[in-house]
Amino acid sequence: MLDTIINFKLAQRVSKYVSLLGEVARPGRYALKKDTITLSEALYLAGLPTKRAALTRARLIRTGSKGKVEIIDVFRILYKGDEEKDIELYPKDTLYIPADIPSKFIDKVEKITSPITKALFLDQLFGRLSGN
């Protein structure tokens, strides 16, 4: 009789992660290799904040604090080198970096003005080409 042995390797569910959302290059969940990660390390994993990020108004939501939101000045940490403010993130923490208000406004205005601007440009271009 031939005995067949099958080995199963179960993937361990990743329960140690932090989430980085909003204006970062690669939003998502990031697995922790240790019990904690510094805020700057997590931001490097996520590809750093985008140019539209409101760096002084980032929000940290800690899972264990019943939804308490802490405002974080990411600019001070990343670009001023304030290591004291480079706090530890714990499993299931979420960091959200909003877009700055002018960027949101500019995006909305561009959606409205872009077709008008294109039409005016084409009108001027064709006017020049036809000699008018």
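**Rings, strands and a core**

Me: How many aromatic pairs does this predicted model have?
Reply: The count comes to one aromatic pair in this predicted model.

Me: Why is the pair of Phe75 and Tyr79 called tilted?
Reply: The ring centres of Phe75 and Tyr79 are 5.6 Å apart, and a pair needs centres within 6.5 Å. Their planes meet at 45 degrees; under 30 would be stacked and over 60 edge-to-face, so tilted is what's left. Both residues sit in helix α2, four residues apart, or about one turn of the helix.

Me: What makes Phe75 count as partly exposed?
Reply: Its relative accessibility is 34%. Buried means under 20% and exposed over 50%, so Phe75 falls in between. Tyr79, at 47%, also counts as partly exposed.

Me: How do you know that the charged end of Arg29 sits over the ring of Tyr17?
Reply: The charged end of Arg29 is 4.1 Å from the centre of the Tyr17 ring, and the distance limit is 6 Å. As for the strands, Tyr17 stands opposite Ala31 in β2.

Me: What makes β1 and β2 a pair of strands?
Reply: Four bridges, in the antiparallel sense, where at least two are needed. The two strands form a hairpin with five residues between them.

Me: How do you know that β1 and β7 pair?
Reply: They also share four bridges, here in the parallel sense. In β7, Ile97 is the bridge partner of Gly22. Ile97 touches Gly22 as well, along with others including Leu43 and Val74. In the largest nonpolar core, of 21 residues, Ile97 is among those that touch the most other members. Both β1 and β7 give two or more residues to this core.

How values were computed
Residues are numbered from 1 along each chain as its sequence is written. This is a predicted model: local features need pLDDT of at least 70, side-chain atom pairs count only at pLDDT 80 or more; totals for chains, interfaces and linings use all residues. Side-chain values use heavy atoms; hydrogens and water are left out. A nonpolar core is a set of buried Ala, Val, Leu, Ile, Met, Phe, Trp, Tyr and Cys residues joined through side-chain atoms within 4.5 Å. Buried means under 20% relative accessible area, exposed over 50%, partly exposed in between (1.4 Å probe, protein chains only). Contact means heavy atoms within 4.5 Å. Rings of Phe, Tyr and Trp (its six-membered ring) pair if their centres lie within 6.5 Å; planes under 30 degrees apart count as stacked, over 60 as edge-to-face and the rest as tilted. A charge sits over a ring if NZ of Lys or CZ of Arg is within 6 Å of the ring centre and within 35 degrees of the ring normal. Lists of a residue's contacts leave out its neighbours within four places in sequence.
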